Amino acid sequence: MNSYDGKKFTTYPTQTHNPTMEWNKTSGDLWFNAGEKDGLNRFDGKKMNYLLFPKPNNTNLENSFGLTDLSKDKNGTLWIATYAALFSYDGKKTTIFDHEKLKLKANENLHIRSVLADSKGRIWIGNNGIGVLLMEHDKTIHFSEIHGLIQKHSSKNGNRSPAGTMEHVFAVEEDSEGNIWFGDRDTGAWKYDGKNVIHYTINNKLSTPMIWSIYKDKRNNLLFGMALEKSHNRRVGTPLSVPLSPKGASAEAVGRFIRVDTVPLGEINSTTRSPMRVCRRSMPNSTCSTDRSFSMRNCRVNTPSPSGIEAFKPNA
């Protein structure tokens with residue numbers, strides 16, 4: 001891990017060669033992925049501490065306990081998503097929520113890609129195969145299933161899903177109005193307003209509708225990071241950030257998505273080797289603003305289409 005204080009970079013090496021099960025003997029509120037290893041890194045202000053998960057026997061050899069997502073609830077409990085199980089850490093003990101504890105059926109395999117602890121205390125679990133699970137009041141609800149978003153003969157695994165389904169959820173986020181947003185690998189964006197699940201399709205000119213990440217910034221904008229796909233082989237790049245519609249956007253504007261075709265290498269960080277695509281909700285005829293991740297100062301909106309899709313390209 002590297003940090004930059006405005007003058008110099010400091011490197012903090014990971015300590016995966018020296019793991020510990022004693023979570024309570026470490027401190028710090030910065031947590032980092034440890035790759036496919038069965039734990040995560042915690043930074044205490046001086047060094048990284050590699051903490052092992054108290055994992056059960058893993059009967060699914062295709063799943064690891066590699067970390068995929070993190071979320072902290074309103075009580076300070078950290079929720080840790082791994083492929084094979086969900087963990088919670090309240091500062092004193094670590095609890096596991098696996099296939100058995102979530103009371104899943106035999107053909108419902110966990111392959112967790114995202115987790116969100118929302119403002120109401122609910123825990124949303126995004127799966128690659130069985131869609132969204134919702135933990136509320138000590139009960140687990142098959143959210144995708146009860147909303148008719150699992151196909152009738154679904155294989156409930158990583159196979160591609162048809163339109164109108166929400167089976168492969170790689171991102172979950174809550175907006176400033178309490179709506180829950182989902183990013184699906186095969187079918188784009190979905191919003192749950194507390195009563196209905198609304199689908200937002202992605203422009204078919206994009207090579208894939210896959211939403212890799214959703215991020216809420218300090219101004220309550222939602223940012224959608226899109227994956228790339230080339231031919232039949234999925235190629236996923238680091239999602240970039242473009243501000244979404246401002247708070248109070250009109251109903252007409254809320255459904256709009258914007259496509260960023262190509263970001264010149266000089267305008268993104270040097271470790272990125274390929275152009276990225278980014279979608280955002282936007283007010284009509286808006287201009288690009290600068291985000292801390294990369295510069296889009298010289299952008300303008302290209303002809304909005306009737307479907308609400310707009311394309312950005314750098315000004316000459």
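Biologist: Where is the place of K156?

Modeller: This is a predicted model, in which local features need pLDDT of at least 70 and side-chain atom pairs count only at pLDDT 80 or more, while totals for chains, interfaces and linings use all residues. Residues are numbered from 1 along each chain as its sequence is written, and side-chain values use heavy atoms, with hydrogens and water left out. K156 lies in the loop between α1 (143–146) and β14 (169–174), where helices (H or I, at least four residues) and strands (E, at least two) are DSSP runs numbered from the N terminus.

Biologist: What is the phi of K156?

Modeller: Most residues other than glycine have a negative phi. K156, however, has a positive phi near 55 degrees, and K103, in the loop between β9 (94–97) and β10 (112–117), likewise has a phi near 55 degrees.

Biologist: Is K156 buried or exposed?

Modeller: Buried means under 20% relative accessible area, exposed over 50%, and partly exposed in between (1.4 Å probe, protein chains only). K156 is buried because its relative accessible area is 12%, whereas K103 counts as exposed because its relative accessibility is 72%.

Biologist: Which strand pairs with β15 (residues 180–184) in the antiparallel sense over five bridges?

Modeller: Two strands pair if DSSP finds at least two bridges between them. The partner of β15 is β16, with D184 opposite G188, and the two strands form a hairpin with three residues between them. Strand β16 (residues 188–192) has five of its five residues buried, and β16 also pairs with β17 (residues 197–200), antiparallel over four bridges.
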